[in-house]
Amino acid sequence: MRITPFTKAFFIGFLSISGIFFAQEVEHNIDAAHDSSKDAKKKEIKADIDHHIQDSYSFTFFSDSETGKHYGFSLPVILWDDGLHIFSSSKFHHGETVAESNGNYYKIYHNKVYKTDAKGTISYDEEHHPTNAKPLDFSITKNVVMMFVTGLLMFLLFAGLAKSFKKGPIATGAGRFFEPIVLYIRDDIAKPNIGPKYKKFMPYLLTVFFFIWFLNLFGLTPLGVNVTGNIAVTFALALITFVITQFSGNKNYWKHIFWMPGVPVPMKFILAPIELLGVFIKPFALMIRLYANIMAGHVVLMSIIALVFLVQNWIGSGLSLVLAFFLSIIELLVAALQAYIFTLLSALYFGFAVEEHDHEEAH
Amino acid sequence: MEVPTIVGAGLIVIGVGIGIGRIGGSAMDAIARQPEATGKIQTAMLIAAALIEGIGFAALFVG
Amino acid sequence: MEKLINDFSFGLFFWQILLFVLLMLLLRKYAWKPILQAVNEREEGIKNALAAAEEAKKEMQNVTADSEKLLKEARAEREEMLKEARELKEKIIADSKEQAKIEGDKMIKQAQATIESEKKAAVADIKNQVANLSVEIAEKVIKEQLGNKDKQLKLVEDMLGDIKLN
């Protein structure tokens with residue numbers, strides 16, 4: 001990626017803003033615990049980080065634990081439980097009360113909706129897992145909202161870029177920043193890894209790259225969302241890559257998996273299950289890589305910022321702050337890098353699937 | 001059996017670390033030797049590192 | 001692994017698939033296709049423009065070479081013409097010199113011949129006059145001398161004496 005002064009300014013501005021807000025978010029929760037012991041504080045920080053990296057039924061910007069007030073907005077909860085139940089998440093009062101909808105009662109326990117009785121009793125098995133029934137949950141959660149926002153942003157940006165090409169051969173506005181990236185994906189990811197049939201896969205590669213990148217960047221903003229660090233999201237993305245790969249696989253690809261040419265027959269029997277396993281491991285690794293990188297990045301960054309308030313002396317806090325700053329820069333890099341790797345590996349797998357050459361002499 | 005899995009995870013992480021480190025080092029050597037091929041080397045390095053990392057993650061989460 | 005399965009939310013997965021596929025289809029129609037097409041067209045245009053520029057450069061070179069050749073030819077021609085003119089000039093000068101010499105010689109010869117003939121005429125004239133004068137003188141002398149007989153005889157004798165001497 002070319003680094004222009006504009007990009008630099010953009011990133012630095014972005015960084016400083018996100019750093020400030022992150023700090024404020026944590027501060028709010030920790031100030032309240034000022035007098036309590038360090039253990040309590042640690043517990044609170046852990047809860048805060050857990051809350052941050054998990055999905056939520058309401059969009060909370062920050063909470064005041066002293067007054068128990070949450071600043072944010074509620075989101076619709078959509079459940080399928082012998083009929084559609086749609087109600088606002090404000091009915092849950094952040095998991096503290098039981099919500100009633102069409103005669104059914106629901107309660108949130110550990111960030112999941114369970115069907116309960118009117119009192120909200122949850123029964124547990126011996127391993128302390130709830131045994132209550134779980135309705136099918138299609139709620140518009142925080143992450144879904146962010147996905148919609150990202151989708152809308154992408155649509156506006158790239159439809160705008162497409163429109164600006166109608167006026168002339170040179171893009172205008174924000175498109176000038178994104179056009180080289182689009183070209184980079186085409187020339188350096190799709191073309192060399194897929195080959196002459198790259199055109200068919202361009203929409204997916206471009207969409208997945210920008211989708212992951214934007215969501216990674218949103219994850220670094222003070223909005224406190226963690227979409228790409230959620231296993232369901234990365235599973236969905238990896239599944240799409242998997243499906244596209246298998247559906248575009250030609251004879252050559254399947255032959256390579258089940259009856260690899262150029263190796264002795266006994267070896268073929270050993271190789272076939274390994275190759276078949278590889279077909280599933282590849283998207284699995286894709287899913288885990290994105291999830292683990294983003295998740296780990298968030299946890300580490302939040303922990304380091306929390307350390308600022310935990311240590312509470314000039315040297316320790318200062319060091320933590322500097323460390324958090326540099327970690328933020330690394331996370332920005334990771335945000336782009338993970339999007340790049342996901343796209344690159346997807347392109348590589350598509351390349352395997354559509355490859356058209358004789359393996360006889362290649363092996 | 002809690003301890004062996006953790007130890008195994010640790011071993012895997014060490015292995016993956018050594019592997020990716022070697023890839024990075026070799027890539028540096030290659031770039032130093034042929035600076036004009038930097039782009040290609042970087043791409044190959046990232047792919048190799050990502051594949052090893054994938055195995056690491058898979059083992060880590062299964063174990 | 002257990003934690004991962006526990007964390008998995010089917011709702012989020014459902015929305016993600018739905019939204020992503022929709023977004024991909026929408027963007028394909030409204031963004032990626034026109035963008036890639038425009039970029040391709042632009043690249044084609046640049047390629048064509050470069051090729052055209054190269055062509056023009058070649059043409060230009062050809063034209064320059066042509067004019068250079070023409071100039072050279074013209075220069076050679078001029079040189080040739082100048083040389084010819086110089087030669088012609090020299091030849092004309094030499095010719096005229098020759099002519100003049102011949103003419104002069106001829107004139108001199110003519111003059112010499114004229115002088116000669118004039119001289120001859122003059123000598124003849126003088127000769128005639130001298131003869132006439134001598135005859136007249138002789139007449140007169142004879143007339144005078146031959147008045148007396150003696151003298152006549154003497155003369156004859158003298159003349160005879162002369163002849164003897166011859």
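Which domains does the domain assignment give for chain A? I found domain 1 (58-137) and domain 2 (187-362). I keep in mind throughout that this is a predicted model.

**Entry 1: confidence**

The model has ipTM 0.79 and pTM 0.72. For chain C I read a mean pLDDT of 87, with 96% of its residues at 70 or more. I then went through the elements of chain C. Helix α1 (residues 2-7) of chain C has the lowest mean pLDDT, 73. Helix α2 (residues 10-145) of chain C has the highest, 90. A reminder to myself: where pLDDT is low, predicted coordinates should not be read in detail.

**Entry 2: chain A overall**

I counted secondary structure in chain A. It has 10 helices and 8 strands. Chain A runs to 363 residues, and buried residues make up 53% of them. I looked at contacts in chain A between residues at least 6 apart in sequence; 61% of these join residues at least 24 apart. I also took the centres of its two domains over C-alpha atoms. Domain 1 of chain A and domain 2 of chain A have centres separated by 33 Å.

**Entry 3: chain C against chain A**

How many residues of chain C are in contact with chain A? I get 35 residues of chain C, meeting 51 residues of chain A. The area buried between the two chains is about 3700 Å². Carbon and sulfur atoms give 79% of that area. On the chain C side, I asked which residues lose the most area to chain A. They are C:Leu12, C:Trp15 and C:Trp32, together 19% of what that side buries. I searched the same interface for salt bridges, and the rule finds 2 between chain C and chain A.

Over all chains, the structure holds 6 salt bridges. Side chains of opposite charge can pair when their charged atoms come close. I started with A:Glu179 and C:Arg42, whose side chains meet at 2.7 Å, N to O. This pair crosses between chains, from helix α4 (residues 175-194) of chain A to helix α2 of chain C.

Next I took C:Glu43 and A:Arg186. Their side chains form a salt bridge at 2.9 Å, N to O. This pair also crosses between chains, with C:Glu43 in helix α2 of chain C and A:Arg186 in helix α4 of chain A. A:Arg186 is buried, because its relative accessibility is 2%. C:Glu43 is partly exposed, because its relative accessible area is 29%.

**Entry 4: a salt bridge inside chain A**

I then looked at A:Asp50 and A:Lys46. Their side chains meet in a salt bridge at 3.6 Å, N to O. Both residues lie in helix α2 (residues 38-53) of chain A. They are 4 residues apart, about one turn of the helix. A:Asp50 has 33% relative accessibility, so I log it as partly exposed. A:Lys46 has 54%, so it counts as exposed.

**Entry 5: nonpolar cores**

In soluble globular proteins, nonpolar side chains tend to be buried together. I asked which residues have the most contacts inside the largest nonpolar core. They are A:Phe158, A:Tyr204, A:Phe210, A:Trp213 and C:Ile35, in a core of 100 residues. Several helices each supply at least two residues of this core, including α3 (142-167) and α5 (202-219) of chain A, α2 (38-62) of chain B and α2 of chain C. Helix α9 of chain A gives the most, with 16 residues. Domain 1 and domain 2 of chain A each provide at least three residues of this core.

I zoomed in on C:Ile35. Leaving out residues up to four places away in sequence, it touches A:Phe158, A:Leu161, A:Ala162, A:Phe165 and A:Val182.

Conventions. Residues numbered from 1 in each chain as written. Chains lettered and ligands numbered in written order. Predicted model: local features only at pLDDT ≥ 70, side-chain atom pairs only at ≥ 80, totals over all residues. Heavy atoms only, no water. pLDDT = per-residue confidence, 0-100. Salt bridge = Lys/Arg side-chain N within 4 Å of Asp/Glu carboxyl O. Buried < 20%, exposed > 50% of the residue type's maximum accessible area, 1.4 Å probe, protein only. Core = buried A, V, L, I, M, F, W, Y, C linked by side-chain atoms within 4.5 Å. Domains from an automatic or database assignment. Contact = heavy atoms within 4.5 Å. Buried area = accessible area lost by both parts, 1.4 Å probe.
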